[in-house]
Every structure is written in structure tokens, then in C-alpha cells.
Amino acid sequence: MFSLHLSNRTENLLTHLVENLRTQPRRDLFAREVFLIQSQGMERMLSQRLADAFTVWCNFEYMLPTRFFDLMASRMGMVINPDAFDREALTWRLDALLQQIAGQAQQEEGPMAATLAPLRRYMSGEQSGLKRYQLSQQLANIFDQYQIMRLEMLDGWQQQKKSTSNSAEEWQMALWTQLRTSLDNTPHRGEMLRQFLQRLQGVEDFSAILPARLSVFGLHSMPPLLLDCLHAVSCHCDVHLYLLTPCQNYWMDIPGKRQLIRENLARLQAGLDPAPLIPEIHPLLNSLGKQGQDFHAMLLDRIDNLIDTDSYEDAAPAGNAPCLLHRLQSDLLDGGWKAKNDDEKIPLDPSLTIVSCHSAVREVMILKDQILHWLQENPDMALRDIVVMAP
């Protein structure tokens with residue numbers, strides 16, 4: 001069973017989580033409660049809140065999605081080598097390959113030499129070793145993402161088929177082929193996940209291997225392959241996805257800012273008048289809501305046994321004088337602008353502050369002073385009430 005819990009407040013999602021754990025206790029007291037999270041900060045926050053709710057909170061395990069799927073695949077008897085394509089290991093393997101490429105004779109001729117020529121040019125000159133290592137880091141990061149996000153492209157590379165017209169794909173494909181050869185064509189993470197998905201979609205029952213309940217908290221986006229694996233897991237155990245979303249209405253059809261610009265450019269080229277902006281759509285949903293829209297659309301398209309519950313809460317109920325932040329949250333909840341008088345002035349207050357800084361160091365300095373100010377002005381505030389987030 002796949003259960004989706006929606007809310008515009010993290011506190012409400014935590015209430016749903018606590019209620020599920022309380023009303024549906026573990027069938028095996030010695031079995032760990034498993035959570036899929038995105039960061040150590042989320043792990044710490046969940047542990048603190050659950051300890052508050054249950055007084056004692058123990059025998060749990062937090063994992064990243066890829067780590068969880070690797071562990072379950074190993075329990076199913078699948079031969080995997082998760083370290084072969086680990087990002088850090090990839091960095092050094094790519095560095096060794098690039099060192100070989102840089103050491104090859106410049107007079108070499110042939111299609112492969114021409115394909116790898118951009119790499120040789122970049123690594124030439126001063127500080128070639130540093131440039132080679134930095135390039136290895138970037139490529140390891142890209143190849144790590146390709147395994148999950150561009151699995152079809154990697155399949156095409158195995159057949160020496162390109163997916164785009166970008167010239168950089170040629171030397172990336174050549175480098176990836178050499179990397180796979182050096183690892184004896186060991187299955188990468190994407191291939192392992194695809195095999196894992198096929199096993200789960202078969203007739204075998206893996207309920208004894210998988211945890212009885214899987215809680216996914218703090219993940220607001222997921223590659224399609226990982227979502228398919230999570231869906232397949234839900235056929236063998238209970239999966240609860242706790243999703244934070246700012247809008248309670250259907251907002252999948254709201255066009256993004258770039259989409260509106262492209263459409264208007266096409267209309268202008270065709271000699272038509274540009275399409276007017278829809279004033280009732282909140283501009284933040286229009287400009288920053290694309291990722292949330294795509295994830296919601298994937299959930300609706302790919303999950304067929306979805307059971308959803310919601311607990312939206314208006315931060316600015318009628319009759320109150322909301323602060324600036326609550327007014328913004330209330331508008332986002334409805335997906336548009338609430339009716340206001342033209343003469344009404346929105347009061348400014350410190351609930352929402354935008355600071356422009358000249359450098360990242362200055363940002364940290366201002367943030368530190370602001371946190372110290374909060375702690376001094378509010379003696380009841382604890383460090384657990386403060387969250388610092390950065391892209």
C-alpha cells in the first residue's frame with residue numbers, strides 16, 4: 001500500500017507520522033523502524049520530534065533512498081558492487097583515465113584521438129594536475145547523476161548511440177566506455193536498480209525481506225526510476241510518503257515563467273498578440289513551483305494504488321491580522337491572490353526579511369548576528385527551533 005500524506009505545514013506531517021506509529025505499532029518489536037530521508041538535518045529533527053512524542057525513541061534507521069535500495073537488493077541475493085561507481089571512487093578512476101589520455105602522444109591520429117582532443121586541450125598548460133583532478137570531480141558528479149536520471153542515454157552509449165547533438169556527448173561517451181571497460185562492465189547503479197525493480201514486479205513475495213513499514217519524510221522530489229522502485233516496494237510492504245506542498249488546490253496546469261515566455265515568443269513570431277498573464281495565479285507558484293508540479297504529476301501518473309490524506313492549515317484565517325509571512329503562506333495555500341482592497345497597505349514586519357549581500361561570507365555574518373538577536377530577544381527559543389537551509 002502506498003499512502004501519500006500532504007500538508008503545507010511540517011508540524012502536521014509530523015503529527016500524521018506520530019499517529020501512524022502510535023496506532024499501527026511494529027509487529028516485531030526487534031525490527032527497526034526504517035525512514036528514507038535526504039539529509040542528516042532531517043534525521044536529527046525527526047529523532048527529536050519522535051522522542052518528544054514517545055518519550056523513548058530507539059531501534060530506528062535513517063537511510064538515503066539509494067542506500068536503502070542497495071541494501072534490499074543485497075538481501076534479495078542480487079550480486080552488487082555499490083562502491084564500484086561511488087562518486088569518490090569514480091573521481092580517482094576518472095583521474096587515472098584522464099592522466100592516460102593526457103600522456104598520449106599529441107600526434108596520434110584517428111577518430112578516438114579527435115574525440116578526446118578537447119580533454120587534452122583543457123588539461124594542457126600550467127597546473128595540469130589540478131585541472132585534471134577538478135575535471136574528474138565534475139565528471140564523477142555528472143556520471144553519478146546519469147546512472148539514475150539518464151539511464152536510457154547510458155544504454156544507448158553501450159551501443160555507441162548518441163542521444164543529443166551536443167559535441168560534449170562524444171567525449172563523455174568515449175570516457176564512459178573506457179571507464180566501464182576498466183571495471184569489467186560491472187553493472188552500475190541504474191542497471192542494478194532496474195534489475196531490482198524487475199524482481200519486485202515479479203511473482204515472488206519479498207515481504208519477509210523488506211521492512212513492514214517504510215516512511216519517506218523530507219523528500220520533495222525524486223527521479224522517476226527511484227519512484228518506480230518505491231512503488232514496487234509498496235506492493236510488498238506499507239510505504240508512507242509525507243510530502244510538504246504549499247498549495248491545496250490543483251496546480252499542475254499552472255504554466256511556468258519560462259513556458260509563458262516561450263509561448264509568447266512563438267505567438268509574436270506568428271504575428272499574434274502575446275497571451276496575458278493570469279493575475280489570479282500566485283507568481284511564486286508560477287516561477288518556483290515547476291519541481292513540485294513535476295513530482296506531483298509523476299505521483300499521479302506512476303502510482304496506481306495511491307491513498308492520499310491531507311491536513312492543510314491556513315496560516316491567516318479570516319478575522320485575524322496576519323503577519324507578512326502568514327499572509328504569503330495563506331495566498332500560496334489558495335494558489336492565488338486573495339481579494340484585497342486597493343487602499344489596503346500590507347504592513348511590513350520582520351517575519352519575512354530579504355537581505356542582499358556582497359558575498360557568501362557576508363551572508364554568514366549577517367545570519368549569525370540575526371540568530372544571536374533572536375536568541376536574546378526570545379529566551380524560550382531553543383536551537384532546535386532554528387533551521388538554516390542553503391542550496
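This is a predicted model: local features need pLDDT of at least 70, side-chain atom pairs count only at pLDDT 80 or more; totals for chains, interfaces and linings use all residues.
## Asn 249 and its loop

Asn 249 sits in the loop that runs between strand 5 and helix 12 (257–269). Its relative accessibility is 37%, so Asn 249 counts as partly exposed. Leaving aside residues up to four places away in sequence, Asn 249 touches Leu 333 and Asp 334.

The chain separation is worth a look here. Asn 249 and Leu 332 are 83 residues apart along the chain. Their C-alpha atoms are separated by 9.7 Å.

Strand 2 covers residues 33–36. Glu 33 and Phe 35 point one way, while Val 34 and Leu 36 point the other. All four are buried. In a regular strand, side chains alternate between the two faces of the sheet.

Strand 2 pairs with strand 3 (residues 60–63) through four bridges. The two strands run parallel. Leu 36 stands opposite Met 63 of strand 3. Strand 2 is also joined to strand 4 (residues 213–217), by three bridges, and this pair is parallel too. There, Phe 35 stands opposite Ser 215.

## Helix 1

Helix 1 spans residues 10–23, 14 residues in total. From first C-alpha to last it reaches 20 Å, close to the 20 Å expected at 1.5 Å a residue. Its buried residues are Asn 12, Leu 13, Leu 14, His 16, Leu 17, Val 18, Asn 20 and Leu 21. They pack against several elements: strand 1 (2–7), strand 2, helix 2, strand 4, strand 5 (238–244) and strand 6 (306–310).

Which side chain makes a polar contact of 2.8 Å with that of Asn 20? The partner is Tyr 242. Asn 20 belongs to helix 1. It counts as buried because its relative accessibility is 12%, under the 20% cut-off. Beyond residues up to four places away in sequence, Asn 20 touches His 5, Arg 213, His 240 and Tyr 242.

## Helix 4

Helix 4 (residues 87–103) has 17 residues. At 1.5 Å a residue it should span 24 Å, and its end C-alpha atoms are 24 Å apart, so the two agree. At the start of the helix, a side-chain oxygen of Asp 86 comes to within 3.2 Å of the backbone nitrogen of Glu 88.

The buried residues of helix 4 are Leu 90, Thr 91, Leu 94, Asp 95, Leu 97, Leu 98 and Ile 101. An α-helix has 3.6 residues a turn, so residues three or four places apart point the same way. The buried residues of helix 4 pack against helix 6 (117–123), helix 7 (128–149) and helix 9 (168–182).

## Cysteines

How many disulfides does the structure hold? It holds zero. Cys 237 has its closest cysteine sulfur in Cys 235, 9.4 Å away, which is too far for a bond. A disulfide would need the sulfur atoms within 2.5 Å. Cys 247 is in no disulfide either; the nearest cysteine sulfur, that of Cys 323, is 19 Å away.

Cys 237 is buried, with a relative accessible area of 6%. Cys 247 is buried as well, at 3%.

## Positive phi in two loops

Most residues other than glycine have a negative phi. Thr 55 has a positive phi of about 65°, although it is not a glycine. Thr 55 is in the loop between helix 2 and strand 3. With a relative accessible area of 68%, Thr 55 is exposed.

Gln 127 is another non-glycine residue with a positive phi, near 50°. Its place is the loop between helix 6 and helix 7. Gln 127 counts as exposed because its relative accessibility is 60%, over the 50% cut-off.

Terms used
Residues are numbered from 1 along each chain as its sequence is written. Side-chain values use heavy atoms; hydrogens and water are left out. Buried means under 20% relative accessible area, exposed over 50%, partly exposed in between (1.4 Å probe, protein chains only). Two strands pair if DSSP finds at least two bridges between them. The expected span of a helix is 1.5 Å times one less than its number of residues. Contact means heavy atoms within 4.5 Å. A polar contact is a pair of N or O atoms within 3.5 Å; within protein, one must be able to donate a hydrogen and the other to accept it, and residues adjacent in sequence count only if both atoms are side-chain atoms.
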